[in-house]
Amino acid sequence: TLAVGPGVFIPRPETEVLVEAALAALSERAQASSDPGQPVVVGGAEGQVRVAVDLCAGSGAVALALADECPGLTVYAVEREPAAFAWLRRNVEGHREQCDRRGSRVCASRQDVCDPGLLAELRGSVDVVVSNPPYIPDDCVPRNPEVADYDPPAALFGGSDGLDVVRCVVQRAAELLCSGGTVAIEHGELQGATAPADVHTVAVLLSEAGGFDAIRTLTDLTGRPRVTVATRA
């Protein structure tokens, strides 16, 4: 249960796909690191999967979902905008006891994803980076009134092609992820792998960044390309 209000993006069902992709990656890494015949512990002391980073965290919906589903996981939730960060901190505090019961932790951090020094102490040690960044091109008008009328512009618009912040997310993921770690980025339906050849996509950005493989795009609950996932080589 999340508190939202003016200044923060309202969580929507499409982001379930982003969370599920991150959970699958965490489970796969736990399985790979566990001893044969032993129980798989995602995020727990018996496994080696312990750290996730949520960039452009907004209300904390993704970070808190991961912490709840993965006992023992530490999630760093990064948000730049002051109003959104206030809601993030409120939700993190409101779920602290719940996270404690799961042995998990969510750390709210007010920073800019485009800062090259972001979470420098975690470089090369993060298992999963997730992000639902602003990705609408500046000259586009959201078709849904609940988005256009209520969501803050800073959570929606991402430059002329909508990918300015996504480029920063890709750069931070390349720095933060350990070998075999996973990045999962939510995006617009025209920014997935099936976009026209003349459109820059999230998959292209990951490919151009180098050091990523197994790049693939997942569809949302309506069958639209919504989340691109890649593995750090």
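**Figure 1. Glu-189 pairs with Arg-224 in a salt bridge.** In this predicted model, local features need pLDDT of at least 70, side-chain atom pairs count only at pLDDT 80 or more, and totals for chains, interfaces and linings use all residues. Residues are numbered from 1 along each chain as its sequence is written, and side-chain values use heavy atoms, with hydrogens and water left out. The closest N and O atoms of Glu-189 and Arg-224 are 3.4 Å apart. A salt bridge here is a side-chain nitrogen of Lys or Arg within 4 Å of a carboxyl oxygen of Asp or Glu. Glu-189 sits in the loop between strand 5 and helix 7, and Arg-224 in the loop between strand 6 (212-219) and strand 7 (225-232), so the pair ties together parts 35 residues apart in sequence. Helices (H or I, at least four residues) and strands (E, at least two) are DSSP runs, numbered from the N terminus. Arg-224 is partly exposed, with a relative accessible area of 36%. Buried means under 20% relative accessible area, exposed over 50%, and partly exposed in between (1.4 Å probe, protein chains only).

**Figure 2. Glu-189 also meets Arg-143 in a salt bridge.** Their side chains come to 3.6 Å, N to O. Glu-189 is in the loop between strand 5 (177-186) and helix 7 (202-209), while Arg-143 is in the loop between strand 4 (126-131) and helix 5 (145-148), so this pair ties together parts 46 residues apart in sequence. Glu-189 is partly exposed, at 26% relative accessible area. Arg-143 is exposed, at 65%.

**Figure 3. Arg-102 and Asp-68 form a salt bridge between two helices.** The N to O distance is 4.0 Å. Arg-102 belongs to helix 4 (residues 96-102) and Asp-68 to helix 2 (residues 61-69). The two residues are 34 apart, and the pair links distant parts of the chain. Both partners are partly exposed: Arg-102 has 34% relative accessibility, and Asp-68 has 27%. How many salt bridges does the structure hold? The count is 13.

**Figure 4. Helix 3 has its buried residues on one face.** This helix (residues 82-94) has 13 residues. From first C-alpha to last it reaches 18 Å, close to the 18 Å expected at 1.5 Å a residue. The expected span is 1.5 Å times one less than the number of residues. Ala-84, Phe-85, Trp-87, Leu-88, Asn-91 and Val-92 are buried. Seen down the axis, the buried residues of helix 3 fall within an arc of 160°, so they line one face. That arc is taken from the directions from the helix axis to the C-beta atoms. The face turned away from the buried side carries the exposed residues Arg-90 and Gly-94. What covers the buried residues of helix 3? The cover includes helix 2, strand 2 (74-78), helix 4 and strand 3 (105-109). Contact means heavy atoms within 4.5 Å.

**Figure 5. Val-53, Val-129 and Val-183 touch the most other members of the largest nonpolar core.** A nonpolar core is a set of buried Ala, Val, Leu, Ile, Met, Phe, Trp, Tyr and Cys residues joined through side-chain atoms within 4.5 Å. The largest core has 29 residues. Strand 1 (51-55), strand 2, strand 4, helix 6 (164-176), strand 5 and helix 7 each give two or more residues to this core. Helix 6 supplies the largest share, seven residues. Val-183 touches Val-129, Ala-173, Leu-177, Leu-206, Phe-212, Thr-228, Val-229 and Ala-230, not counting residues up to four places away in sequence. A second, separate core of 28 residues includes Leu-18, Ala-25, Cys-99 and Val-128.

**Figure 6. Cys-114 and Cys-168 form a disulfide.** Their sulfur atoms are 2.1 Å apart. A disulfide is a pair of cysteine sulfur atoms within 2.5 Å, and the count by this rule is one. The torsion about the S-S bond is about 100°, so the disulfide is right-handed. Cys-114 lies in the loop between strand 3 and strand 4 and Cys-168 in helix 6, so the pair ties together parts 54 residues apart in sequence. Cys-114 is partly exposed at 34% relative accessibility, whereas Cys-168 is buried at 11%. Cys-56 is buried, at 19% relative accessibility.
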